[in-house]
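Good morning, colleagues. Please look at the structure on the screen while I go through a few of its features.

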Amino acid sequence: MRKSPILILARKELAILSSAPATYVIAVVFLLINGWLFVSTLFQFNQSALDTFLRPLPLIFTFLVPALTMRAFSEEFKAGTIEYLATLPIEDHEIVIGKYLAALGMIGSLVAFTLFYPLVLFLIGRPDPGQIIGAYASILGLTSFFAAIGLWASALTRNQVVAFIVGFFVCFFFFLLGRMAEFLPGVLASLVRDLSIETHFDALARGVLDTRDLLYWASGTFFFLSACLMMVQSKKWR
């Protein structure tokens with residue numbers, strides 16, 4: 001039985017990410033920051049909740065995700081290995097999906113360490129299981145959207161630093177939209193707020209399942225993955 005080229009590429013990319021020293025630095029910083037945010041209120045006020053971990057997560061992800069995805073295509077273009085991929089029996093969209101799955105796998109493995117937080121909450125109290133499920137669903141949506149942006153940014157350039165900067169600013173733009181809406185009039189404010197990641201992240205994190213939030217994450221992810229595919233095709237055959 002022939003193995004899926006998408007899964008083969010995803011495993012390869014995940015192995016490269018896992019062996020990179022920068023990945024360990026990013027992982028340690030991420031876990032230390034989130035660990036402190038979670039336990040600080042527990043020690044200071046003898047209470048804790050997922051809110052202390054969730055609230056700053058969109059901002060943290062504006063740095064984290066572009067840092068983990070910046071090399072995905074930029075390194076291929078710089079080293080010329082994208083031409084090698086072109087000779088393999090794998091389609092362009094499979095390359096994009098494979099690298100995307102690897103990015104999701106790496107970010108997901110980091111987020112998996114935070115499952116310790118709900119466990120602590122169950123040990124010291126009675127948290128709402130629906131809210132916890134909603135919280136991690138919102139993290140999944142945010143991860144899928146930002147990973148697509150990061151891959152698109154990586155496909156724009158051969159320079160990893162430039163890819164990180166572009167990815168960061170685009171992610172940060174979607175993060176800022178919610179705050180920009182406060183200074184805009186009526187209908188325009190509502191439109192801008194609907195495009196903000198925080199609006200959809202917060203709603204789902206509260207355990208409120210709304211198809212509009214799911215559609216936001218899905219459509220944003222599809223848009224940037226499609227844009228990434230177009231960039232890969234244009235550079236691959238240039």
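Phe116, Leu119, Leu123 and Ile124 make a nonpolar surface patch of about 450 Å². A patch joins nonpolar side chains (Val, Leu, Ile, Met, Phe, Trp, Tyr) within 5 Å, from residues with over 30% relative accessible area and no salt bridge, and like charges within 9 Å; a salt bridge is a Lys or Arg side-chain nitrogen within 4 Å of an Asp or Glu carboxyl oxygen. Areas are Shrake-Rupley values with a 1.4 Å probe, where only the protein chains shown count as cover for residues.

This is a predicted model: local features need pLDDT of at least 70, side-chain atom pairs pLDDT 80 or more, while totals for chains, interfaces and linings use all residues. Residues are numbered from 1 along each chain as its sequence is written, and side-chain values use heavy atoms, without hydrogens and water.

Leu123 lies in helix H8, residues 116-124; helices (H or I, at least four residues) and strands (E, at least two) are DSSP runs numbered from the N terminus. Is Leu123 buried or exposed? Leu123 counts as exposed because its relative accessibility is 67%; exposed means over 50%, buried under 20% and partly exposed in between, with a 1.4 Å probe and protein chains only.

I turn now to helix H5, residues 71-79, whose buried residues include Arg71, Phe73 and Phe77. Arg71 has a relative accessible area of 17%, so this residue is buried. Beyond four places in sequence, Arg71 touches Glu13, Ile16, Glu76, Ser154 and Gln160, contact meaning heavy atoms within 4.5 Å. Just after H5, Gly80 adopts a positive phi of about 80°.
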